[in-house]
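Please keep the sequence and the 3D view open side by side while you read this note. Each numbered point can be checked by finding the residues it names.

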Amino acid sequence: ADGQVHEHPLIQPAESARRIDWAYSPEADQVAWTITEGSPDALTTATYIASPEGAGARLVLRDGPRAGIRAFPIGFSADGGTLFLDYQPDTIADIAPLRQYAAMFALDLASGTVSSLPGEASCYCGGGVGAGRFVRLALADAGFDLRVYDLNSSASTVIPSLGLAEYTQAGDLTISPDGSKAVYTLLQLVPGGEPGAVRVIYVVADLINGTQRALNADDPGERLLRPAAWAEDGAALLMNDTSSGGTWRLDVNTGALRQAASANYIGSTVSLSSLR
């Protein structure tokens, strides 16, 4: 509130730490963080959970050593009993323009059991977990199929690719809070264009009816916006321009895109339900 910067009260690296990653539970009543240590060819990742105030802090997983691979926290299940992670290539994610995953898995926080999510490992592609669903982009003959798994019933379906073969990268997938839809980004590096020139299409998938559509295929964007938070009960997605700053609102029904703020939205550690 006063704009002062100070050390985080519980998430702190040791001198040997290479990096820290973290994720909050849907109700923001738990935080998980990973501390990765070691040399590039022998990385070890320790995963901890606690309340946001630091209560009950405990080690839940120690992974490694692995060559060039670290554990990366994605998020919690709705009931807070499972933490989803990825075996993430250590350097690729720092240079890739979109969030993608290599081998996603689940950690049962009560038993400590680790299990791969359905179909993993597949490809270094986009994916997401939320509202009891696991959604994974998969390479198709042209473009990307969308594989949808219900983690409660084990039912699954495949939503066919849109066939946009010129868009060779896909990721930044995010699932709406009610699990009815997902939005992801298709990216094309402009052939012969200026360095960094891109064409960007945002796709919304109906996870109930098994369909997907490109929101702006007739007018691809020229700036890459990254998903930040769902808003308006899933009717809109707030997105950040990480290169030049600013928060944008994407209407997931019409595809309308407008700037909502000049600063980037970085989220909240307090659940919205507790503010009502």
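The points below go from confidence in the model to its sheets, its hairpins and a few single residues.

1. **What kind of model this is.** The structure is a predicted model, in which local features need pLDDT of at least 70 and side-chain atom pairs count only at pLDDT 80 or more, while totals for chains, interfaces and linings use all residues. Residues are numbered from 1 along each chain as its sequence is written, and side-chain values use heavy atoms, with hydrogens and water left out.

2. **Confidence.** The protein chain has an average pLDDT (the predictor's confidence in each residue, from 0 to 100) of 89, and 95% of the residues score at least 70. Confidence is lowest in helix H1 (residues 92-95), with a mean of 78, and highest in strand E7 (residues 104-108), at 96. Over residues 270-276 the pLDDT is below 50, and this stretch has 5 contacts in the model beyond near neighbours in sequence, a contact being heavy atoms within 4.5 Å. Where pLDDT is low, the predicted coordinates should not be read in detail.

3. **How strands are named and paired.** Helices (H or I, at least four residues) and strands (E, at least two) are DSSP runs numbered from the N terminus, and two strands pair if DSSP finds at least two bridges between them. Strands of a sheet pair through backbone hydrogen bonds, either parallel or antiparallel.

4. **The sheet E9 to E12.** Four strands make an open, antiparallel sheet in the order E9-E10-E11-E12. E9 and strand E12 (156-159) stand at the edges with a single partner strand each, so one side of each is left without a neighbour in the sheet. On average, neighbouring strands of this sheet are turned by 15 degrees against each other, direction ignored; here axes are lines fitted to C-alpha atoms, for helices over the stretch in contact, and angles run from 0 to 180 degrees between N-to-C directions. Within the sheet, strand E10 (residues 133-139) and strand E11 (residues 144-150) run antiparallel and are joined by 7 bridges, with Phe134 standing opposite Tyr149 in E11.

5. **The sheet E13 to E16.** Another open sheet of 4 strands has the order E13-E14-E15-E16, and its pairing is antiparallel. Strand E13 (169-175) and strand E16 (211-214) are the edge strands, each pairing on one side only. Neighbouring strands of this sheet are turned by 25 degrees against each other on average, direction ignored. Strand E14 (residues 181-189) and strand E15 (residues 198-206) are antiparallel and joined by 9 bridges; Thr185 has Tyr202 in E15 as its bridge partner.

6. **Two hairpins.** Strand E17 (residues 225-231) is joined by 6 bridges to strand E18 (residues 236-241), and the two run antiparallel. Arg226 has Asn240 in E18 as its bridge partner, and in this hairpin, with 4 residues between the strands, Glu232 takes a positive phi near 55 degrees. Strand E19 (residues 247-251) pairs with E20 in the antiparallel sense over 4 bridges, and Trp248 has Gln259 in E20 as its bridge partner. The hairpin of E19 and E20 has 5 residues between the strands, and Gly255 in the turn has a positive phi of about 85 degrees.

7. **Ala260.** Ala260 lies in strand E20 (residues 257-261). Its relative accessible area of 45% makes Ala260 partly exposed, where buried means under 20%, exposed over 50%, and partly exposed in between (1.4 Å probe, protein chains only). Leaving aside neighbours within four places in sequence, Ala260 is in contact with Thr247, Trp248 and Arg249.

8. **The disulfide.** A search of the whole structure finds 1 disulfide, defined as a pair of cysteine sulfur atoms within 2.5 Å. This disulfide joins Cys123 to Cys125, with S to S at 1.8 Å. The torsion about the S-S bond of Cys123 and Cys125 is about -125 degrees, so the disulfide is left-handed. Cys123 counts as buried at 16% relative accessibility, and Cys125 counts as buried at 3%.

9. **Glu120.** Where in the fold is Glu120? Glu120 is in the loop between strand E8 (114-116) and strand E9 (127-130), and Glu120 is buried, with a relative accessible area of 16%. Not counting residues up to four places away in sequence, Glu120 touches Ala102, Ala103, Met104, Phe134 and Arg136.
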